[in-house]
Amino acid sequence: QVQLVESGGGLAQPGGSLRLSCAASGNIFSIYVMGWYRQAPGKQRELVASITSGGSTMYEDVVKGRFTISRDNAKNMVYLQMNGLKPEDTAVYYCKVIASVSGDSRRYQYWGQGTQVTVSS
């Protein structure tokens, strides 16, 4: 199967920056879409940004112009550069991929364990 490990979360001041990384490993045949979701206390998990294998991106409106998603297909990694952080960005951030594994053409979604991002002065 596919395992995802996120890193890079932590505490940032308003206006500051953080860079999240997510490494995918396992019996990977192909990764089609990689994305970042977040879940704040008492709220539903929401999509922050996603990127296809071809490099097409989409962003939640409230992060456009502040966050940038990128991926390294050779390393099976996805990144989220977060600039201009606001207190409302505080949440647990999750990496998700849609991938297929060797020997199985079906696509499945896989989730990381999450990394906490806290924006506070």
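Analyst: The side chains of Arg 38 and Asp 89 form a salt bridge, with nitrogen and oxygen 2.9 Å apart; the term denotes a side-chain nitrogen of Lys or Arg within 4 Å of a carboxyl oxygen of Asp or Glu. This pair links distant parts of the chain, since Arg 38 belongs to strand β4 and Asp 89 to the loop between β8 (77–82) and β9 (91–101), 51 residues apart. Strands here are DSSP runs of E of at least two residues, and helices are runs of H or I of at least four, numbered from the N terminus. Both Arg 38 and Asp 89 are buried, where buried means under 20% relative accessible area, exposed over 50%, and partly exposed in between, computed with a 1.4 Å probe on protein chains only.

The model is predicted: local features need pLDDT of at least 70 and side-chain atom pairs count only at pLDDT 80 or more, while totals for chains, interfaces and linings use all residues. Residues are numbered from 1 along each chain as its sequence is written, and side-chain values use heavy atoms, with hydrogens and water left out.

A salt bridge connects Arg 38 with Glu 60 at 3.2 Å from N to O. Arg 38 lies in strand β4 (residues 28–39) and Glu 60 in the loop between β6 (57–59) and β7 (67–72), so this pair ties together parts that are 22 residues apart in sequence. Glu 60 is buried, with a relative accessible area of 18%. Arg 38 also forms a salt bridge with Glu 46, whose closest N and O atoms are 3.0 Å apart. The relative accessible area is 5% for Arg 38, which is buried, whereas Glu 46 is partly exposed at 31%. In general, side chains of opposite charge can pair when their charged atoms come close. By the rule stated above, the count comes to 6 salt bridges.

Another buried residue is Cys 22, with a relative accessible area of 0%, which is found in strand β3 (residues 18–26). Beyond its neighbours within four places in sequence, Cys 22 is in contact with several residues, including Leu 4, Trp 36, Met 77 and Cys 95; contact means heavy atoms within 4.5 Å.
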